Amino acid sequence: MRKKIVAGNWKMNTSVVEGEALAAAVAAGMPEVPSDVEIIIAPPFTHLVSVAKAVSGTRVAVAAQNCADEPKGAFTGEVSAPMIAGAGCKYVILGHSERRQYYGETSEKLVKKMRLALAEGLSPIFCVGEKFEERNAGNHFSVVGAQIAEVLFELEPEEASKVVVAYEPVWAIGTGITATAAQAQEIHAFIRGTLAGRFGSDFADGISILYGGSCKPSNAAELFACPDIDGGLIGGASLKADDFLAIAKSF
Ligand code: PEP
């Protein structure tokens with residue numbers, strides 16, 4: 001059985017003190033979240049150690065929002081996969097559309113990052129998704145298929161089995177526009193089928209595929225009820241503990 005997951009991407013928001021309080025509030029709500037739902041929070045790098053301590057001993061896992069494509073050395077401003085693992089993270093978000101768009105994240109770099117993260121025992125949350133004009137042109141399947149092939153197909157099956165995929169249509173991120181459940185289910189099924197074509201259907205059945213893009217308490221239940229949607233990657237709504245917990249209870 002694949003895991004149900006709700007992950008919060010805090011992006012570049014909250015001070016350290018605010019982040020610790022948000023993490024503690026999420027942890028305090030865990031008794032009401034179904035026990036088979038994995039909860040992940042992804043604070044900024046500066047918060048990782050103290051947030052990991054704040055949720056230590058609870059069911060809340062911590063993710064970084066990125067990692068370097070080199071393990072160590074003269075790369076000023078970068079944070080490596082070993083550092084992230086040492087800070088107490090279990091996961092790392094890789095390939096978020098904001099990183100692809102603003103920081104030149106290419107598939108080539110992502111393969112390096114994935115391998116470094118996996119070597120540290122981190123599970124990558126690998127983001128894919130098409131832009132507005134790509135969907136309008138009917139190219140969303142080919143865009144997402146290429147993003148998957150260029151990165152995940154480069155991994156050994158054993159490595160790829162540790163990955164969580166997040167489908168995040170760029171036109172839905174932070175816009176308030178959510179993909180309909182039918183649109184999301186259609187492309188999640190396509191992603192699972194693409195993975196089955198390369199790694200086999202047992203492998204594909206075990207991979208969690210999350211939806212991200214203006215997911216909120218009012219639409220999470222409909223999305224999570226779809227057979228190929230295993231949870232959500234949540235941006236804006238993860239900054240309010242009540243909203244994030246309400247989403248986590250939507251299965
Ligand atoms: C995201 O950036 O991963 C995201 C899903 O953002 P939002 O929920 O704010 O659209």
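I started with T14, which sits in the loop between β1 and α1. This is a predicted model, so I'm reading positions off a prediction. Buried or exposed, or something in between, for T14? I got 27% relative accessibility, so T14 goes down as partly exposed; the cut-offs are under 20% for buried and over 50% for exposed.

Next I looked up the backbone. T14 has a phi near 80 degrees, which is positive even though T14 is a residue other than glycine. I made a note of that because most residues other than glycine have a negative phi.

Then I checked K11. K11 also has a positive phi, about 55 degrees, and K11 is not a glycine either. I found K11 in the loop between β1 (4–9) and α1 (16–28).

**S80**

I moved on to S80, in the loop between β3 (60–64) and α3 (81–86). The accessibility of S80 came out at 4%, so I wrote S80 down as buried.

What does the side chain of S80 reach? I traced it to the backbone oxygen of P71, at 3.4 Å. Then I listed the contacts of S80, skipping neighbours within four places in sequence: C67, A68, E70 and P71.

**G176**

G176 is in the loop between β6 (164–167) and α9 (181–199). I have G176 at 48% relative accessibility, so G176 is partly exposed.

Which residues does G176 touch, not counting those up to four places away in sequence? I found S214 and K216. I also looked up G236, which is 60 residues from G176 along the chain. The C-alpha atoms of G176 and G236 are separated by 9.6 Å.

**α7 and α9**

Last, I followed the chain into α9 and looked at how it packs with another helix. Two packed helices are described by the angle between their axes and the distance between the axes. For α7 (residues 140–151) and α9, the axes come within 10 Å and cross at roughly 40 degrees. I therefore call α7 and α9 oblique to each other. Their crossing is right-handed.

Which residues make the contact? From α7 I wrote down H140, F141, V144, G145 and I148. From α9 I have E186, I187, F190, I191, T194 and L195. I sorted the residues of this contact by type and got seven nonpolar, three polar and one charged.

Terms used
Residues numbered from 1 in each chain as written. Predicted model: local features only at pLDDT ≥ 70, side-chain atom pairs only at ≥ 80, totals over all residues. Heavy atoms only, no water. Helix = DSSP H or I, 4+ residues; strand = E, 2+ residues; numbered from the N terminus. Buried < 20%, exposed > 50% of the residue type's maximum accessible area, 1.4 Å probe, protein only. Polar contact = N/O pair within 3.5 Å; in protein donor to acceptor, adjacent residues only side chain to side chain. Contact = heavy atoms within 4.5 Å. Axes fitted to C-alpha atoms, helices over the stretch in contact; angles between N-to-C directions. Parallel < 35°, antiparallel > 145°, perpendicular 65-115°, else oblique. Left-handed = near helix turned anticlockwise from the far one by under 90°. Nonpolar A, V, L, I, M, F, W, Y, C, P; charged D, E, K, R; others polar.
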